[in-house]
Amino acid sequence: MRKQWIALLALTAAACSGGAAGTGTTEDLKGQTVEVVGPWTGDEQKSFEQVLKVFTDKTGAEVKYTPAGDELPTVVQTRISGGTPPNVALIAQPGLVAQFAEAGALKPVNADVEKAVTDHNAAVWKKLGSVDGKLYGFTFKTANKSAFWYSEKAFQQVGATPPATWDDLIKTSKAISETGLAAVSVGGADGWTLTDWFENVYLRTAGPDNYDKLAKHEIPWTDPTVRKALEELAKLWGDPTLIAGGALQTEFPKSVTNVFGEPSTAAMVFEADFVASIITTNTKAKVGEDAKFFPFPSVAGSKDAVVAGGDMAVQFKDDKATTELMKFLASPESGKVWAELGGFLSPNKDIPESAYPDAVTQELAKRIVDAGDNVRFDMSDLAPAAFGGTKGAGEWKDLQDFLADPKNVDGIMQRLEANAAKAYGN
């Protein structure tokens, strides 16, 4: 099916050319229009439009932003098939970017954009945006998916400090549970949260190289490295005194308010930097005071690592205005604009730390940059959607079943492998 879809895209790829690259300078762009399709709506849309305004002020080019929300993959695929692709899209699934590139629908970035990506990012980010040795995109906005958020009040009650190791996390969790408060709130109703749990433990127990192999299904989900990660997870998930009740019925936002709302029912919640916005919007807790975070702990002596998500900028046309916008988005200047507005992280190491508006965001951004080539992209976003991105199916459902029965390691491994083999076609 995937090959048939690529062939269909190839038939319409010629419609994506938009003409040859121009020869003018950035001052030549008045009267030109660039369309960008992205996932952001609401406040995020307003912030991104501020970034685009700076580009317009610099170049005179008009930029039209089309918000597509969660339907972005479908919107972009439909536009390509109809021969009306946008100039630029921001796509959260590297696997989808690779499919577009293989179909000939994308344009490789030019030398100036590639130099900017090389100069301002760790090598792993360039690898992520490359297909068959050509660079097709770069991560503009990222998420730090390796954060545990905790209630300062709950930790003070037991004299706890942020645990640096998985074993210390279990010990701290047990101490908290003895006070009558659950240690960890898990948003198990949303299967994607469980994939983030697994990916963080797997990256630390199996290492970056095996992480890459499993992401490509070059090793099976019955591999001993998968068993090790599931067994570590079971140390926490398998103790009902440590996990807040009803985890499989708890949606992600509720898992956060369980910790920071009133009354609270748990002391910690694991998830990405965007937890901060839920805390701010839905509770009275203050981020950095009542609500703090610590990095996902080391497991069995593992080195520091970060699982990240993000939105990759890619281009479907190679005219001058499109290329100049891509060059601008790859620069520290564009990221600094959004960083100062809040709600933004970037892998761009040359955005000043001071541009981020508070100490918590600065630390979250710093950890992504400092992890360097030990950053790995969200594995479920690298997988075919049938396995890594479908509600009630594939990895999401399998890990929900594991949360319900953490003793069934063998059964879950077999189910994961069967679903992965089907989705990857091998």
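Modeller: The radius of gyration is taken over C-alpha atoms, and the globule rule is 2.2 Å times the number of residues to the power 0.38. The model before us is predicted.

Colleague: What radius of gyration does the chain have, and what would a compact globule have?

Modeller: For 426 residues, the rule puts a compact globule near 22 Å; the chain has 22 Å, so the two agree. The C-alpha trace spans about 70 × 45 × 35 Å along its principal axes. The chain holds 20 helices and twelve strands, and buried residues account for 55% of its 426 residues.

Colleague: Which residues lie nearest the centre of the largest cavity?

Modeller: Its lining has 16 residues, and Asn121, Phe138, Thr139, Ser346 and Asn348 are those nearest the centre. Two or more lining residues come from each of helix H6 (123–128), strand E6 (137–144) and helix H15 (332–341). The largest share, three residues, is that of E6. By class, the lining of the largest cavity has eight nonpolar, seven polar and one charged.

Colleague: What lines the second largest cavity?

Modeller: The second largest cavity contains about 50 Å³ of space. Its lining consists of Ser185, Val186, Gly187, Thr193, Trp197, Phe252, Ser255, Val269, Phe270 and Glu271. Helix H9 (191–206), helix H12 (252–260) and strand E9 (266–270) each give two or more residues to this lining. Five of the lining residues are nonpolar, four polar and one charged.

Colleague: Turning to pockets, what volume does the second largest pocket have, and which element gives the most to its lining?

Modeller: The second largest pocket has a volume of about 340 Å³. It is lined by 17 residues, and Ser151, Lys153, Val259, Gly261 and Ser264 are the closest to its centre. Helix H7 (152–158) and H12 each supply two or more residues, and H7 gives the most, with four residues. The lining of this pocket divides into six nonpolar, six polar and five charged residues.

Colleague: How is a pair of aromatic rings to be read, and how many aromatic pairs are counted here?

Modeller: A pair of aromatic rings is described by the distance of the centres and the angle of the planes. The count in this model comes to 31 aromatic pairs. One of them joins Trp221 and Phe387, with 5.4 Å centre to centre and 65° between the planes. Planes over 60 degrees apart count as edge-to-face, and this pair is edge-to-face.

Colleague: Why does the pair of Trp221 and Phe387 tie together parts that are apart in sequence?

Modeller: Trp221 lies in the loop between helix H10 (208–215) and helix H11 (224–237), whereas Phe387 belongs to helix H18 (residues 385–388), so the pair ties together parts 166 residues apart in sequence.

Colleague: Which residues form an aromatic cluster, and what lies over the face of Trp338?

Modeller: Phe148, Tyr150, Phe155, Trp166, Trp197, Trp237, Phe270, Phe294, Phe296 and Phe402 form one aromatic cluster. Trp197 and Phe270 are also among the residues that line the second largest cavity. Over the face of Trp338 lies Lys141, at 5.4 Å from the ring centre.

Conventions
Residues are numbered from 1 along each chain as its sequence is written. This is a predicted model: local features need pLDDT of at least 70, side-chain atom pairs count only at pLDDT 80 or more; totals for chains, interfaces and linings use all residues. Side-chain values use heavy atoms; hydrogens and water are left out. On a 1 Å grid over the protein atoms alone, a cavity is a set of points where a 1.4 Å probe fits but cannot get out, and a pocket is an open set with protein on both sides within 12 Å along at least five of seven lines; lining residues have an atom within 4 Å of a point. Ala, Val, Leu, Ile, Met, Phe, Trp, Tyr, Cys and Pro count as nonpolar, Asp, Glu, Lys and Arg as charged, and the others, Gly among them, as polar. Grid points are joined across faces, edges and corners, and a volume is the space filled by probe spheres set on the points. Rings of Phe, Tyr and Trp (its six-membered ring) pair if their centres lie within 6.5 Å; planes under 30 degrees apart count as stacked, over 60 as edge-to-face and the rest as tilted. A charge sits over a ring if NZ of Lys or CZ of Arg is within 6 Å of the ring centre and within 35 degrees of the ring normal. Buried means under 20% relative accessible area, exposed over 50%, partly exposed in between (1.4 Å probe, protein chains only).
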